[in-house]
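Reader: I have a chain on my screen and some questions about how it is put together. Can you walk me through it?
Author: Go ahead.

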Amino acid sequence: MNLQPDKKAGIELNLTPLIDVVFLLLIFFMVSTTFDKESRIRVNLPEATTKDEQQNERRVLDIIVDAKGHYYVDQEEVLNREPETLRRAIEKAAGERRDLPVIITADAQATHQAVMIVMDVASQLGLTQMTFAAKIPPEQN
């Protein structure tokens with residue numbers, strides 16, 4: 001018979017899995033971190049006194065349809081509501097470029113037909129990048 005009390009085994013902390021996790025985190029951060037671009041080749045660009053032509057080029061073509069169905073191309077009112085007049089105004093504003101994005105801003109009360117005429121005329125002219133402007137409604141309580 002053993003009368004001595006049982007000795008409790010000492011608690012040991014195995015550090016091997018902890019070290020493995022730390023090394024994996026270190027590797028992850030090393031791979032995902034972007035370093036300074038100091039190692040790139042340094043090039044002194046030549047200087048010119050003329051401005052770049054692309055800075056003056058138009059980036060978008062803005063067409064507005066108001067509630068009464070009147071058209072505005074780049075803030076200038078089109079004389080009448082005829083598609084041919086709208087076509088001439090768009091051709092004048094776009095010039096030779098057919099890759100301009102077109103932003104159609106239509107009033108909420110504008111007729112569907114007026115908006116479809118704008119889309120139809122623009123697509124006939126080769127302007128295929130069209131988008132519609134809208135606003136976010138105020139939050140309701």
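Author: One term before we start: two strands pair if DSSP finds at least two bridges between them. Also, this is a predicted model.
Reader: Fine. How many helices and strands does the protein chain have?
Author: The protein chain has three helices and five strands. From the N terminus on, the elements run α-β-β-β-α-β-α-β.
Reader: What is the order of the strands in the sheet?
Author: The order is S3-S2-S1-S4-S5, in an open sheet of five strands with mixed pairing. The edge strands are S3 (76-77) and S5 (130-132), each of which pairs on one side only.
Reader: What packs on the sheet?
Author: H2 does, touching S1 and S2, and its direction makes about 15° with that of S2. H3 packs on the sheet as well, touching S1, S2, S4 and S5. The direction of H3 makes about 160° with that of S5.
Reader: Take S1, then. Is it mostly covered or exposed?
Author: Strand S1, residues 61-65, is mostly covered, with four of its five residues buried.
Reader: And how many bridges join S1 to S4?
Author: Five bridges join S1 to S4 (residues 102-106), and these two strands run parallel. As one example, Asp-62 has Ile-103 in S4 as its bridge partner.
Reader: Do S1 and S2 run parallel or antiparallel?
Author: S1 and S2 (residues 71-73) run antiparallel, joined by three bridges. Ile-64 stands opposite Tyr-72, and Val-65 stands opposite Tyr-71.
Reader: What do S1 and S2 form, and how many residues are between them?
Author: They form a hairpin with five residues between the strands. Gly-69, in the turn, has a positive phi of about 90°.
Reader: Switching to the helices. At what angle do the axes of H2 and H3 cross?
Author: Roughly 50°, with the axes of H2 (residues 83-94) and H3 (residues 112-124) coming within 10 Å. The crossing is right-handed.
Reader: Which residues make the contact?
Author: From H2, the contact is made by Pro-83, Leu-86, Arg-87 and Ile-90. From H3, Ile-117, Val-118, Val-121 and Gln-124 take part.
Reader: How do those divide into nonpolar, polar and charged?
Author: The residues of the contact of H2 with H3 divide into six nonpolar, one polar and one charged.
Reader: Back to S4. Why does Val-102 count as buried?
Author: Val-102 is found in strand S4. Its relative accessibility is 0%, and buried means under 20%, so Val-102 counts as buried.
Reader: Which residues is Val-102 in contact with?
Author: Leaving aside its neighbours within four places in sequence, Val-102 is in contact with Leu-61, Ile-63, Leu-127, Gln-129, Met-130 and Thr-131.
Reader: And how far apart are Val-102 and Arg-59?
Author: They are 43 residues apart in sequence and 9.5 Å apart in space, C-alpha to C-alpha.
Reader: Last one, on the chain overall. What percentage of the residues count as buried?
Author: Of the 141 residues of the protein chain, 19% count as buried. Among contacts with a separation of 6 or more, residues 24 or more positions apart account for 61%.
Reader: That will do. Thanks.

Definitions and conventions. Residues are numbered from 1 along each chain as its sequence is written. This is a predicted model: local features need pLDDT of at least 70, side-chain atom pairs count only at pLDDT 80 or more; totals for chains, interfaces and linings use all residues. Side-chain values use heavy atoms; hydrogens and water are left out. Axes are lines fitted to C-alpha atoms, for helices over the stretch in contact, and angles run from 0 to 180 degrees between N-to-C directions. A crossing is left-handed if the near helix is turned anticlockwise from the far one by less than a right angle, and right-handed if clockwise. Contact means heavy atoms within 4.5 Å. Ala, Val, Leu, Ile, Met, Phe, Trp, Tyr, Cys and Pro count as nonpolar, Asp, Glu, Lys and Arg as charged, and the others, Gly among them, as polar. Buried means under 20% relative accessible area, exposed over 50%, partly exposed in between (1.4 Å probe, protein chains only).
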